[in-house]
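Me: I have just opened a structure that is new to me, and I'd like to talk it through. Could you help me find my way around?

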Amino acid sequence: MFDRMLKPIHRWIWSDADRLVQKLLSFGETETDGGRDILRAAEVTSDPLLRRLYLEHASDEFRHGLLFRQRAASVLRESPGCSRPTFQADWLAPGGHGLDDVQVDRESDHSMLAFLHLSEKAAASRFTIYRDVMQNDPSTRAIFEEILHDETFHMNYTFKQLVRVSP
């Protein structure tokens, strides 16, 4: 994968405290926004099993957003002088799930599940790389590790449910 070839650049991007804070805050926002979309999916589905899974998924996304924001606050407290503008290189180290691209009210269960599955798979791939380049930041690495556990669950349940609702 292209991201894996760019590990040295990812390491550089994440090594700066200012960029770290900005990326964590951005991830926090993305996760929380995604949680809202998934909560809406739980409201509009007529499938009781999907509703339960979506509610659990939304809860995870809100928790991820909180974890990222709390870590950003910790880095700010630990890094005096942190907050000067920095080069972001977001195109090299994108974040989030891309849930802002979905119109939840217009999606069928199978299209929502397919979208979530692909989004979670992409996020898990990126978060694996970000975790791997965080050898010098065990606290941030632990957050990515925790979130990766959830991303794997989200990837697996969305695939399993997609097969169930649209064989």
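This is a predicted model: local features need pLDDT of at least 70, side-chain atom pairs count only at pLDDT 80 or more; totals for chains, interfaces and linings use all residues.

Me: ok, helices first. At what angle do α3 and α4 pack?

Reply: Helix α3, residues 17-44, and helix α4, residues 48-78, pack at an angle of about 160°, and their axes are 8 Å apart. Angles over 145 degrees count as roughly antiparallel, and α3 and α4 are therefore roughly antiparallel to each other.

Me: and which hand does that crossing have?

Reply: The crossing in which α3 passes α4 is left-handed. As for the residues that make up the contact of α3 with α4, they divide into 18 nonpolar, 6 polar and 7 charged.

Me: what about α5 and α6, how do their axes cross?

Reply: The axes of helix α5 (residues 109-132) and helix α6 (residues 138-165) cross at roughly 155° and come within 8 Å, which makes α5 roughly antiparallel to α6. Sorted by class, the contact of α5 with α6 has 15 nonpolar, 6 polar and 7 charged residues.

Me: switching to the inside: which residues touch the most other members of the largest nonpolar core?

Reply: That core has 21 residues, and the ones touching the most other members are Trp14, Phe27, Phe68, Phe127, Tyr130 and Phe144. At least two residues of this core come from each of α2 (7-15), α3, α4, α5 and α6.

Me: which helix gives the most to it?

Reply: Helix α6 gives the most to this core, with 5 residues. Another core, of 14 residues, lies apart from it and includes Ile38, Leu50, Leu113 and Tyr157. As general background, nonpolar side chains tend to be buried together in soluble globular proteins.

Me: now charges. How many salt bridges does a search of the whole structure find?

Reply: The search finds 12 salt bridges.

Me: which residue does Glu146 meet in a salt bridge?

Reply: The side chain of Glu146 meets that of Arg63, at 2.9 Å from N to O. Glu146 lies in helix α6 and Arg63 in helix α4, so this pair ties together parts that are 83 residues apart in sequence. Glu146 counts as partly exposed at 36% relative accessibility, and Arg63 is partly exposed with a relative accessible area of 31%.

Me: and what about Arg63 with Asp150, what is the N to O distance there?

Reply: The side chains of Arg63 and Asp150 meet in a salt bridge at 2.4 Å, N to O. Because Arg63 lies in helix α4 and Asp150 in helix α6, the pair ties together parts that are 87 residues apart in sequence. Asp150, at 9% relative accessibility, counts as buried.

Methods. Residues are numbered from 1 along each chain as its sequence is written. Side-chain values use heavy atoms; hydrogens and water are left out. Axes are lines fitted to C-alpha atoms, for helices over the stretch in contact, and angles run from 0 to 180 degrees between N-to-C directions. Helices (H or I, at least four residues) and strands (E, at least two) are DSSP runs, numbered from the N terminus. Angles under 35 degrees count as roughly parallel, over 145 as roughly antiparallel, 65 to 115 as roughly perpendicular and the rest as oblique. Ala, Val, Leu, Ile, Met, Phe, Trp, Tyr, Cys and Pro count as nonpolar, Asp, Glu, Lys and Arg as charged, and the others, Gly among them, as polar. A crossing is left-handed if the near helix is turned anticlockwise from the far one by less than a right angle, and right-handed if clockwise. A nonpolar core is a set of buried Ala, Val, Leu, Ile, Met, Phe, Trp, Tyr and Cys residues joined through side-chain atoms within 4.5 Å. Buried means under 20% relative accessible area, exposed over 50%, partly exposed in between (1.4 Å probe, protein chains only). A salt bridge is a side-chain nitrogen of Lys or Arg within 4 Å of a carboxyl oxygen of Asp or Glu.
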